[in-house]
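Look at the charged side chains in this structure. We will follow a few of them from pair to pair.

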Amino acid sequence: MNEVSVHRVVVSAPAKVNLALRVGAKREDGFHPLDTVFEALDLFDDVEATVADELSMEIEGIGSDLPTDDSNLVMKAARLLQEFTGTNFGAHMKVTKRIPVAGGMAGGSADAAATLVALNALWELNLTKEQLSELGAQLGSDIPFALFGLVARGTSRGEALEAVKPGALHGWILLTNPVGLSTPSVFRKFDELSPDAGQPASTEDLCEAVKGDDIAYLGSLLVNDLEAPAFALRPDLAEIIIALQTVGYGVVLSGSGPTIAVLCDIEKLEVLKAELANAFPELMIVTAVGPAAGAHIRQRS
Ligand code: C5P
């Protein structure tokens, strides 16, 4: 057991939606070049890390049936941090999940980002956020964004970030689906449907719109190139999105889905949520406000 003064650290990390997700032709390394705009939401997973001899984890809340062995991104993040710093400290990570699992909202990435921040503090490693981000990018394309949060344009495979200063807060209704979608399968379908893809389209216009406060205009620019492949795999999602066309300021598939996100005024969130819960009784509906902070320490003792 290490003899550092910190024994317990609790970190929250946010879910994300992609306001725009433009995808290009598959690269030689198997990833797709992206031009995307992430927004972090005030829907957080928590990781509570406590000092222990070995590395272990448990999951509370939704996703409590997920594996807690070395295949979990939380364990991978902890091992990577050990290797990078040459330490052999242990820790127990308790993950409280609120972000839908396999939902296109980067819940696994949030857990990994929270773990990196929590263990950096617990083990007093003093790594910078940039160093944690480089480590995180080795494990998943969305992990750097979960560390920085707010709004950012992501290029390369989504891990190269440039902050975008938002001009307003946004309300989001998230229609989460009980049946998840696998990200690699959606990208494979994209390849099949888009044999002529080149470079991803630009998200410049959307970045400009985020800087302003015209939410209706922002809503009109929401776009996701993974919608066509996701809908080809899951026609039920296309039906939902068609039914939502006149709701709020815009509707878009979140990441590789299956979560569908509706942009609306913050004051209308609860009324709209009740209406949509009536219309789609089979879906779990969650409200959120963005942008929200990236992975941050909530408690330390
Ligand atoms: O990086 P991450 O673990 O989130 O990626 C999961 C999978 O999604 C990758 O293995 C790849 O199949 C696909 N992907 C992709 N291009 C990206 C990001 C993810 O093809 N830019």
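Start with Asp45 and Lys97. In this predicted model, their side chains form a salt bridge, with N and O 3.1 Å apart. The two partners sit 52 residues apart, so find each one separately: Asp45 is in strand 2, and Lys97 is in strand 4 (residues 90–97). The pair links distant parts of the chain.

Are these two partners buried or exposed? Asp45 has a relative accessible area of 1%. That is under the 20% cut-off, so Asp45 counts as buried. Lys97 is at 5% relative accessibility, so Lys97 is buried as well.

Now move to Lys26 and Asp191. Their side chains also meet in a salt bridge, at 4.0 Å from N to O. Lys26 lies in the loop between strand 1 (8–23) and strand 2 (34–52). Asp191 belongs to helix 5 (residues 183–193). Asp191 has 24% relative accessibility and is partly exposed.

Stay in helix 5 for the next pair. Here Lys189 forms a salt bridge with Glu192. Their closest N and O atoms are 3.1 Å apart. Both residues lie in this helix, three residues apart, which is about one turn. Glu192 is at 55% relative accessibility; the cut-off for exposed is over 50%, so Glu192 counts as exposed.

Some salt bridges share partners. Bridges of this kind join Arg8, Glu48, Glu60 and Lys94 into one network. How many salt bridges are there by this rule? The count comes to 17.

Conventions
Residues are numbered from 1 along each chain as its sequence is written. This is a predicted model: local features need pLDDT of at least 70, side-chain atom pairs count only at pLDDT 80 or more; totals for chains, interfaces and linings use all residues. Side-chain values use heavy atoms; hydrogens and water are left out. Helices (H or I, at least four residues) and strands (E, at least two) are DSSP runs, numbered from the N terminus. Buried means under 20% relative accessible area, exposed over 50%, partly exposed in between (1.4 Å probe, protein chains only).
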